[in-house]
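This briefing goes with the sequence and structure shown below. Please read it with the model open.

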Amino acid sequence: MAEVTDADFAAEVIGAELPVLVEFTADWCPPCRQMGPVLSALAAEEGDRVKVVQLDVDTNPGTTNAYKVLAMPTFLVFKGGEPVKSMVGARPKRRLLEELAEVL
């Protein structure tokens, strides 16, 4: 799964052709670590429909603050360069897929 930074966020997320699921994450966040395998599986299975990336909030405060992310993990779905859905907290893959179905 790709990692994005403040420096490449515009190119990798805003400019992406596919919808992008961004996980705002942190090394010290147990629910974030729990989501790692879920997001890797999602990226492998749905890679032709959605791009899945992670952004470390501790090393990328610009993007984190720009989207007013306060809790980890926060998931934002970007479509056409705009955030179209926000979800907070760890969730099983089935529920994540259900929530993504609305915007994909």
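The model is predicted: local features need pLDDT of at least 70, side-chain atom pairs count only at pLDDT 80 or more, and totals for chains, interfaces and linings use all residues. Residues are numbered from 1 along each chain as its sequence is written, and side-chain values use heavy atoms, with hydrogens and water left out. Helices (H or I, at least four residues) and strands (E, at least two) are DSSP runs numbered from the N terminus.

**Helix α4**

- Helix α4 spans residues 93-101, and its buried residues are L96, E99 and L100; buried means under 20% relative accessible area, exposed over 50%, and partly exposed in between (1.4 Å probe, protein chains only).
- An α-helix has 3.6 residues a turn, so residues three or four places apart point the same way.
- The exposed residues R94 and E98 sit on the face of α4 turned away from its buried side.
- The cover over the buried residues of α4 includes β2 (20-25), α2 (30-46), β4 (74-79) and β5 (82-88).
- L96, in helix α4, counts as buried at 0% relative accessibility.
- Leaving out residues up to four places away in sequence, L96 touches L21, M35, V38, L39, L42, M87 and R91; contact means heavy atoms within 4.5 Å.

**Strand β5**

- K85 is in strand β5 and counts as buried at 17% relative accessibility.
- Beyond residues up to four places away in sequence, K85 touches F75, L76, V77, E99, E102 and V103.
- The side chains of K85 and E102 make a polar contact at 3.2 Å; a polar contact is a pair of N or O atoms within 3.5 Å, where within protein one must be able to donate a hydrogen and the other to accept it, and residues adjacent in sequence count only if both atoms are side-chain atoms.
- The C-alpha atoms of K85 and F75 are separated by 8.0 Å, and the two residues are 10 residues apart along the chain.
- P83 also belongs to strand β5, and P83 is partly exposed, with a relative accessible area of 39%.
- Apart from its neighbours within four places in sequence, P83 is in contact with Y67, V77 and F78.

**Largest pocket**

- The largest pocket has a volume of about 150 Å³. On a 1 Å grid over the protein atoms alone, a pocket is an open set of points where a 1.4 Å probe fits, with protein on both sides within 12 Å along at least five of seven lines. Grid points are joined across faces, edges and corners, and a volume is the space filled by probe spheres set on the points.
- The lining consists of E3, T25, A26, D27, C32, R33, G36, Q54, L55 and D56; lining residues have an atom within 4 Å of a point.
- Two or more lining residues come from each of α2 and β3.
- The lining divides into three nonpolar, three polar and four charged residues. Ala, Val, Leu, Ile, Met, Phe, Trp, Tyr, Cys and Pro count as nonpolar, Asp, Glu, Lys and Arg as charged, and the others, Gly among them, as polar.

- A26 is in the loop between β2 and α2 and is buried, with a relative accessible area of 4%.
- A26 touches C32, V57, D58 and M72, not counting residues up to four places away in sequence.
- N60 lies in the loop between β3 (51-56) and α3 (61-66) and is buried at a relative accessible area of 5%.
- A polar atom of the N60 side chain lies 2.8 Å from the backbone nitrogen of D6, and the side chain of N60 reaches the backbone oxygen of D56 at 2.9 Å.

**Backbone features between α3 and β4**

- Most residues other than glycine have a negative phi, and most peptide bonds are trans.
- K68, in the loop between α3 and β4, is not a glycine but has a positive phi of about 55°.
- K68 is exposed, with a relative accessible area of 68%.
- P73 lies in the loop between α3 and β4, and the peptide bond from M72 to P73 is cis, with omega near -10°.
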